[in-house]
Amino acid sequence: MNHRTKGPALLASVPIVLGLAVAASSCHSSKNAEATLAQGCSINSDCNSPLICVFSLCHDACTESRDCPQGERCVSVGVDNVCELPSESTCSATRACPGGLLCWTDMQCRNPCDALQPCIAGNVCIDNVCFSPSETADGGLDAGSDAPAGPDGSQKDSSSPVDGSNESAADQFVPNPDAGVLGFTPSNFNPSGVDAGDAGADWSNAPDANITSTCLNCLPGTPTTILQDGGTNADVYVLKSLVIDQTAALTLQGPNPVILAVLGAVDIQGQILVNGTRSNPGPGGFTSVTGSPGPGVGQPPFAPANPASNGGGGSFCGVGGTAGASSGTPSTGGATYGNATITPLVGGSAGGTASTWSSGGGALQIVAGTSIIVRTFAFINAGGGGTVNVDGSGGGASGGAILLEAPSVEIDGTLAANGGGGMSGYSSGADATANATPAPGASPYGGAGSAGTSANGSPGTAGTDAISTGGGGGGAGRIRINSATGSATITGTLSPALSTQCATQGQVH
């Protein structure tokens, strides 16, 4: 799974920051004095031999990390291998790695790798990142695993095969009571770093969940609240197995995104509802009702800059539709946000409103140790709400997020994170539904929500006066499926569709 957290954590991240261009070691310099370690240089002869010039600083050359001072890492830079200087070894979202290196989830600068770009001698390539044997040995691995844990025990997402791992995906999903990570080994995609002791996660007592009726927040047990990257919370349910009966509908609501960490199989025969409605957001979704409309909230109606316009649609991955305006400048959809891997897990945003309610789709992650199947006629709905009239106007909300991770994932039914419909005058737009059909905006001027191959909400149109103009439809949320092969079995419907940037696949190991 793909969430790093502070303290207890859940899910791994992909590398986040690419470096700047590599400083060429062959450029001209007019320096006369030979520089010592870590001093500035332009060419190798600027440095006191046998130091060499890389990243415009003098470095020790190396063949393997054991050639470097204790704690330093030998990295490959073009034709040279050098010992990373302490100032070059760490990174952050605002501090890039030197050229050619990438910032991994432990905030360390490392070499990328693949079949055409192997690691230096003595290192192993795991999920397209190089690690030394000492790092894999000290990373909290269980016996026989080749893969290193991340800074919180997590494993990165990758769309490429693991180079250097002899374990099958099934091997890596065997419960390990000593792993301290929800019973999964730290070498898998694990619910990353939720410590079994600190977070109260106990696989030995994890319940089977068999939902046989229509119910609200009726999963067994009490969720554990964790802190994700970026300072947002998520609620984690630890389950042995999960079955949603074909006659059942499990609705999840609450202020935080929901993560279902399941040791065995997940079988969805009925419905899971984490969608926003006109007045209630899905879990972790944003809403205008509470004054927290989200990072993708649409521009409001009747603002000084848009006095004759309805509200723009809420955005997430897709852009909310522009509102209709009887004159002047129309309100636009909100700003897009988030990323394809849905890390951290976050919900959808409200449309721009004035005395109205607009609520975004929620965020749900399901990670299973063996398999996830969404059967024919079953669905997960994380759609956005339409805008409901309370004495004003507004745009539709954006869809939320669905993240599924397991060695085997099969979608015969529907995953939907569509946008809601915009208002027209005092008539409400429709909530998004679990199919590829856009939620209609209110007649006659409201914009429809996103759906199917259209990731963006439709624009509202101009009415005869400011009040009758249409609000923009909500934009699409995000869908991500991670499986052992990186290509799940999909015979059903994804909305937004895989042909858009808002639905993607990745690989777990």
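This is a predicted model: local features need pLDDT of at least 70, side-chain atom pairs count only at pLDDT 80 or more; totals for chains, interfaces and linings use all residues.

Mentor: Residues are numbered from 1 along each chain as its sequence is written, and side-chain values use heavy atoms, with hydrogens and water left out.

Trainee: Okay, what makes strand E17 largely enclosed by the rest of the structure?
Mentor: A strand (E) is a DSSP run of at least two residues, numbered from the N terminus, and E17 covers residues 258–262. Buried means under 20% relative accessible area, exposed over 50% and partly exposed in between, with a 1.4 Å probe and protein chains only. In E17, 5 of the 5 residues are buried, so the strand is largely enclosed.

Trainee: Which way do the residues of E17 point?
Mentor: Val258, Leu260 and Val262 point one way, Ile259 and Ala261 the other way, and all are buried.

Trainee: How do you know that E17 pairs with strand E14?
Mentor: Two strands pair if DSSP finds at least two bridges between them. Strand E14 (residues 233–239) and E17 are joined by 5 bridges, so they meet that cut-off, and they run parallel.

Trainee: What makes E11 and E29 edge strands?
Mentor: They belong to an open sheet of 6 strands with parallel pairing, in the order E11-E15-E18-E22-E26-E29. Strand E11 (208–211) and strand E29 (489–490) each pair on one side only. Within that order, E18 (residues 265–268) and E22 (residues 371–374) are parallel and joined by 4 bridges, with Ile268 opposite Val374.

Trainee: Now the cysteines. Why is the link of Cys47 and Cys58 called a disulfide?
Mentor: The label goes to a pair of cysteine sulfur atoms within 2.5 Å. Cys47 and Cys58 have an S to S distance of 2.1 Å, so they qualify. This pair links distant parts of the chain, 11 residues apart: Cys47 lies in the loop between strand E2 (17–18) and strand E3 (52–54), and Cys58 in strand E4 (residues 57–59). The link is left-handed, with -90° about the S-S bond. Across the whole structure, a search finds 7 disulfides.

Trainee: Are Cys47 and Cys58 buried or exposed?
Mentor: Cys47 has 3% relative accessibility, so it counts as buried. Cys58 is buried too, at 0%.

Trainee: Why is the disulfide of Cys119 and Cys130 called left-handed?
Mentor: Because the torsion about its S-S bond is about -100°. The sulfur atoms of Cys119 and Cys130 are 2.1 Å apart. Cys119 is buried at 17%, and Cys130 is buried at 5%.

Trainee: What about Cys215 and Cys218, buried or partly exposed?
Mentor: Cys215 has a relative accessible area of 16%, so it is buried. Cys218 comes out at 26%, so it is partly exposed. The sulfur atoms of Cys215 and Cys218 are 1.7 Å apart, and the two residues form a disulfide.
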